[in-house]
Amino acid sequence: MDYSRIEVRPVAGALGAEIAGVDLTRPLDDHAFAEVHRALLDHLVIFFRDQTLTPEQHKDFARRFGALDVHPYAKGLPDHPEIIPVTKEADDRGGNFGGTWHSDVTFYEKPALGSVLYALEVPPYGGDTLFANQYLAYEALSDGLKQTLDGLTALHNAARSYGAGGRAAQRQAQGSKSMAIDIREDSEQTVEHPVVRTHPETGRKALFVNHVFTRRFKGWTEEESQPLLDFLYKHAVRPEFTCRFRWKPGSVAFWDNRCTQHYALNDYHGFARRMHRVTICGDRPV
Ligand code: SIN
């Protein structure tokens, strides 16, 4: 693909590209916006370096792509509820937010289009984020399994993350004060999504189940669902479907949540990591 206003440098064979020539503090004109949008659709996750964003500028950039979400469980900044401070403090020895392969908020009827994560403070080493291409994950399956999955629906909810006994509750029990997360029973509410979704903009099919929010297949018990789900979770993140991003202060990652999963590595104990995340509302998977 030709780009005239931005430079696009792929970082891996599967997905991911660094974008140069864009200052996210200024409103993008329509041409630059169209190229950034195309780069997102082509590369699934795009990275920007050396940005210095105020919360307003961060939100303004994300808002070009759609309305902004306010997370129901993770508390936003006092004056900017749409911005989740994704933080792990230096003295926090427990787990981290996003430290398992997942797509964001698939417990919504309309899961996110994408998220824009901005690094304020990063550890001297570690704390990378991994991304996995879910088009490739689907395409690499046998025709037989594709046919089976094409007809399946999965149930998703937020209980493993935000319910009593879930990951956030466990972090709080370990004494973590890094993030303000509400633990609530409504995390048990379940929504249905196709196991294979068609991307609304590219028309490509992507695998759409994840270890954090998917619970079982519709019409199947949890016990029946688990072996096939376990296979899919492992398959979905095969190394050849992934890329890995090394953060610096001022780096920005923007992922298309409709066709990727991501994983925030928790390998920097003793150091702080502070990010701001804005999430863009998406549509109902079909
Ligand atoms: C997330 O899952 O949104 C967090 C990603 C990260 O901190 O790298």
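Strands, like helices, are DSSP runs numbered from the N terminus, a strand being a run of E with at least two residues and a helix a run of H or I with at least four, and two strands are taken to pair if DSSP finds at least two bridges between them. Residues are numbered from 1 along each chain as its sequence is written. As the model is predicted, local features need pLDDT of at least 70 and side-chain atom pairs count only at pLDDT 80 or more, whereas totals for chains, interfaces and linings use all residues, and side-chain values use heavy atoms, with hydrogens and water left out.

A further sheet is open and consists of seven strands in the order E1-E2-E3-E13-E5-E15-E4, with mixed pairing. Its edge strands, each of which pairs on one side only, are E1 (7-10) and E4 (83-88). From one strand to the next the twist averages 25°, where axes are lines fitted to C-alpha atoms, for helices over the stretch in contact, and angles run from 0 to 180 degrees between N-to-C directions. E1 and E2 (residues 17-20) pair in the antiparallel sense over four bridges, and Pro10 stands opposite Ala17 in E2. Helix H1 (residues 30-43) packs on this sheet and touches E1, E2, E3 (45-48) and E13 (252-256), its direction making about 130° with that of E3; contact here means heavy atoms within 4.5 Å. Helix H2 (residues 55-63) likewise packs on the sheet, touching E3, E4, E5 (114-121), E13 and E15 (273-280), and its direction makes about 35° with that of E15.

Another open sheet has three strands in the order E12-E6-E14, with antiparallel pairing. Here the edge strands are E12 (242-245) and E14, each pairing on one side only, and the twist averages 20° from one strand to the next. E6 (residues 129-133) is joined to E14 by five bridges, the strands running antiparallel, and Ala132 stands opposite Gln261 in E14.

The ligand is surrounded by Val86, Phe97, Gly98, His102, Leu117, Thr129, Trp255, His262, Ala264, Arg273 and Arg277, a residue being near a molecule if one of its heavy atoms lies within 4 Å of it. An N or O atom in the side chain of His102 is 3.1 Å from an oxygen atom of the ligand, while for the side chain of His262 the corresponding distance is 3.0 Å. A polar side-chain atom of Arg273 lies 2.8 Å from a ligand oxygen atom. E14 (260-264) and E15 are the elements that give two or more residues to the shell around the ligand. By class, this shell has five nonpolar, four polar and two charged residues, with Gly counted among the polar ones and Arg among the charged.

How values were computed:
Polar contact = N/O pair within 3.5 Å; in protein donor to acceptor, adjacent residues only side chain to side chain.
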